[in-house]
Amino acid sequence: MAGLRAFIISRILLTIPMIFILLTVVFYVLRMMPGDPVIAMLGEKASPKLIEEMRAKLGLNRPLIYQYIDYVIGILKGDFGKSTWTQRPVLQEILDRFPATLELAIFATLISLGIGVLGGALAAYRENTVIDLLFRIIGIVSYSLFIPWFGMILQMVFSVKLGLLPLSSRIDPLLRPRRITGLYVIDSIITGDLKALESALAHLILPSVTLGIVLSGIYIRLTRNNMIEILRQDFIRAARARGVGESTVLVRHALKNTLIPLLTMMGLQFALLLGGAVLTETTFSWPGMGTFLLERIDYRDFPAIQGTIVFYGLLVALVSLIVDIFYAYIDPRIRY
Amino acid sequence: MKFKGALREFKRAGLPAYMCLAGGTILFVIILISLLAPFIAPYDPISSVDRPLLPPSRKHLMGTDLHGRDVYSRIIYGGRVVLLISALSVAISLTAGVPLGLLSGYVGGILDRVLSLVMDSLYSFPGIILAIAIAAMLGSGNLLNIAIAIAVVYIPMYFRMVRGQVLSLKESLFVEAARAIGASDITIMFTYILPHILPAIVVVLSLNVADAILTEAGLSFLGLGVNPPTPDWGFDLRDGKRYLPSGYWWLITFPGLMIIIAVIGITLLGEGLNDLFNPRLRES
């Protein structure tokens, strides 16, 4: 286990410069943004004196390097600054929106994994048949689906034409459950509010199916290729020779062995999931971090834009750290 | 005779060759339509030619939009902006990523460490969010700015691939031989190592074009792309979103289909090329 501990420590140490690079790039890059946040806040007609006062109040008149040092120290202390638009702490605003993105991401992942594992296993089992080809095509097409278009087509069919599902947003505003975790599905289960649960799930279906299908292609492919490899191995032939049922061979022996590569791929896909969520959120007016970011770009709210991007970056770094450690724990060869 | 031989060769290559052919044809047709847009489009794409929001008919194959513009004509012209921005962004990623990767892999040491760390940080960040941040910072509306925003996202793709290949090639015998006869480092990098990497670059390039088109469409859809009234698939989709609850399906269906057809075409081409050039990588 000493090897594992050394690996974890060195892996964490490697994350630090990455986060530092991210912080620095985000800070300097966003300072080049056209448009003045103070003017955006006070309006074009504000007097120069008022603008100057506001600038001083926000610390925008100080040399850039001091602003930078303040910002890095702030983030290390968990202070992402105050929004120039709402005057609220940015971290608080992001955390208000984060559960919506998380809920969407979780359901989309479940759907993409479900489609990927079932489709991939089926394609592998029927290798080189029409079914196999069909799933290969689905793999390519799903990757090429443009999220907003696919989402809007689903909206058009299931919401506008058939009236089966809600068009957009997260829940019927009158049914919003008491905030415990911020995940409406969980909160409504905890509070035992069935109406809220139903509304939350109905609103979740279209966005998570949209994002889930788009992300499923890679899982189909991964499961298929792994299963084909495994189905050719001796222990599968041995199991079949012993008279183990076909479904047991597939699920217990073959599928179980594709789980680790699937988990690794989930880690690698996480950035794609977050990026796809931004487009999905915009399409479905989903009040998550993505819609928050775009809204604040419109208002030139620097601290909020900066904070959201840093938050996304921290999420990615954290997830890749967890995946790597998990992988090293499972497979000792990685550690050395 | 020569043609028959080529045909036999093609058939032997099997599925990958057909994928290349199908993808290449789609791409070729889209490029052709974009180039010949003024001759194909029945109406002016940016002026009102009929009553607004007319459904598809013989007169307007894909209907008209809110401003009474012909959707079909806008889609034909829209390819121009999309292809131009994507091509520009791919060219930028390529010219930045390949030399940096060559240099980093060949020189090694502290330069390699720092460059790799920066590129890995960029690479791990969600692409579209990075493009959003850069587009917001540079200011949207300008073709070059949008292309740069997209390009930055894909530089690490070239960098990582080229660097990896250089690391495995630079100890080869032919590089040692070149050094022995006195070839300079620049010569070794560009005339000895680079040609070996070209097939892999072509594969990355084709995947890059597909991603660039999706990212361009994404930025336009989010309102960070070209300015109206320039016809652009992603932007027209954004425009159509407002009228979706009223059931004007033609405003969203057609621009989105064009994006997807273009991306599928390039993906097919890329996958086919990948299978032909790197048969060993097929399983990954």
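Two exercises on a predicted model follow, each with a worked solution.

**Exercise 1.** Describe how helix α13 of chain A packs against helix α14 of chain A, and state which residues make the contact.

*Solution.* Begin with the two elements themselves: α13(A) covers residues 289-298 and α14(A) covers residues 302-330, and they pack at an angle of about 150° with their axes 9 Å apart. Angles over 145 degrees count as roughly antiparallel, and therefore α13(A) is roughly antiparallel to α14(A). The crossing of these two helices is left-handed. On the side of α13(A) the contact is formed by M289(A), F292(A), L293(A), R296(A) and I297(A), while α14(A) contributes A304(A), I305(A) and T308(A). Sorted by class, this contact of α13(A) with α14(A) holds six nonpolar residues, one polar residue and one charged residue.

Turning to burial, seven of the 10 residues of α13(A) are buried, among them G290(A) and T291(A). The cover over the buried residues includes α5, α12 and α14 of chain A, together with α6 of chain B.

**Exercise 2.** Decide whether D187(A) is buried or exposed, and describe its surroundings.

*Solution.* First locate the residue, which lies in helix α8 of chain A, residues 184-190. Next apply the cut-off: D187(A) has 21 C-beta neighbours inside 10 Å, so D187(A) counts as buried, given that 20 or more are required. Finally, leaving aside residues up to four places away in sequence, D187(A) touches P177(A), R178(A), R179(A), I180(A) and T181(A). The C-alpha atom of R176(A), 11 residues away along the chain, is separated from that of D187(A) by 9.3 Å.

Notes: Residues are numbered from 1 along each chain as its sequence is written. Chains are lettered from A and ligands numbered from 1 in the order in which they are written. This is a predicted model: local features need pLDDT of at least 70, side-chain atom pairs count only at pLDDT 80 or more; totals for chains, interfaces and linings use all residues. Axes are lines fitted to C-alpha atoms, for helices over the stretch in contact, and angles run from 0 to 180 degrees between N-to-C directions. Helices (H or I, at least four residues) and strands (E, at least two) are DSSP runs, numbered from the N terminus. Angles under 35 degrees count as roughly parallel, over 145 as roughly antiparallel, 65 to 115 as roughly perpendicular and the rest as oblique. A crossing is left-handed if the near helix is turned anticlockwise from the far one by less than a right angle, and right-handed if clockwise. Two residues are in contact if their C-beta atoms, placed from the backbone, lie within 7 Å. Ala, Val, Leu, Ile, Met, Phe, Trp, Tyr, Cys and Pro count as nonpolar, Asp, Glu, Lys and Arg as charged, and the others, Gly among them, as polar. A residue is buried if 20 or more other C-beta atoms lie within 10 Å of its own, exposed if 12 or fewer, and partly exposed in between; C-beta atoms are placed from the backbone.
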